[in-house]
Amino acid sequence: MRDEGIPERSVEDLGCGSGGFSVELLREGASTTVGFDLAPNMIQSATQLALLNGFGATAKFQVGNAATAELPPSDIVIMDKVLCCYSDWQPLLKNAIATSRTMIGFIVPRDEGIAKPAFRVGVRIVNYFARRKGKILFYLHPLDRIDKTLRSSGFTLKKKQGSRLWLVFLYTRPEGSR
Ligand SMILES: C[S@@+](CC[C@H](N)C(=O)[O-])C[C@H]1O[C@@H](n2cnc3c(N)ncnc32)[C@H](O)[C@@H]1O
């Protein structure tokens, strides 16, 4: 994202959690950030974090479902480990696409490569215990269809990086092509 340019750009942080990513982007020079999360306690934490870091005037966080909320247009949209926490990836991604002027960055579980079968077994086990506790499950959405959806909206894959558990994607499209 640094290579593509963060300064003076507006950010939307979908599934912002406690706002860490938003605050980092403001530190990198982003003009404003708006965060949405389903969980009111996350919005409270994110608001506090922004205030503590001196971004009270440029960061706004609100409770909402990013798949259905009317989102303000933003230059950059991020979804850090969010698609995998929501059952219905299509409306969430489509809303992100509709609102992003030029960049969409997201992080999802590493559901590819030779470790994919073992990874899927691990996720099933985690989901089994999560379900017993009535918690959010871990969804593995089809990466090829996510890619196809982004490409058909004019985005191209700019960068992809992986860690042992996660894949980080950055898609861009020319400004004004929305
Ligand atoms: C694993 S946490 C990641 C939080 C944050 N992005 C981070 O990386 O620290 C996923 C968050 O996404 C939120 N979330 C999941 N689906 C959402 C949706 N449709 N709209 C808004 N928030 C959502 C959850 O409430 C949760 O706080």
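Me: How many residues surround the ligand, and which are the closest?
Reply: 20 residues surround the ligand. The closest are Gly15, Gly17, Ala66, Asp80 and Tyr86. To be near, a residue needs its C-beta atom, placed from the backbone, within 6 Å of the molecule.

Me: Which elements give two or more residues to that shell?
Reply: H1 and strand S2 (32-37). Helices (H or I, at least four residues) and strands (E, at least two) are DSSP runs, numbered from the N terminus.

Me: What kind of model is this?
Reply: A predicted one; local features need pLDDT of at least 70, side-chain atom pairs count only at pLDDT 80 or more, and totals for chains, interfaces and linings use all residues. Residues are numbered from 1 along each chain as its sequence is written.

Me: Switching to H2. How many residues does H2 have?
Reply: H2 has 13 residues.

Me: Which residues of H2 are buried?
Reply: Ile43, Ala46 and Ala50. Buried means 20 or more other C-beta atoms within 10 Å of the residue's own, exposed means 12 or fewer, and partly exposed is in between; C-beta atoms are placed from the backbone.

Me: Why are they on the same side of H2?
Reply: Because they cover an arc of only 65° around the axis. The arc is that of the directions from the helix axis to the C-beta atoms.

Me: What does the face turned away carry?
Reply: The exposed residues Asn41, Leu51 and Leu52.

Me: And what do the buried residues of H2 pack against?
Reply: H1, S2 and S3. Contact means C-beta atoms, placed from the backbone, within 7 Å.

Me: What follows H2?
Reply: Glycine 54, with a positive phi near 80°.

Note on methods
Expected span 1.5 Å × (residues − 1). Contact = placed C-beta atoms within 7 Å.
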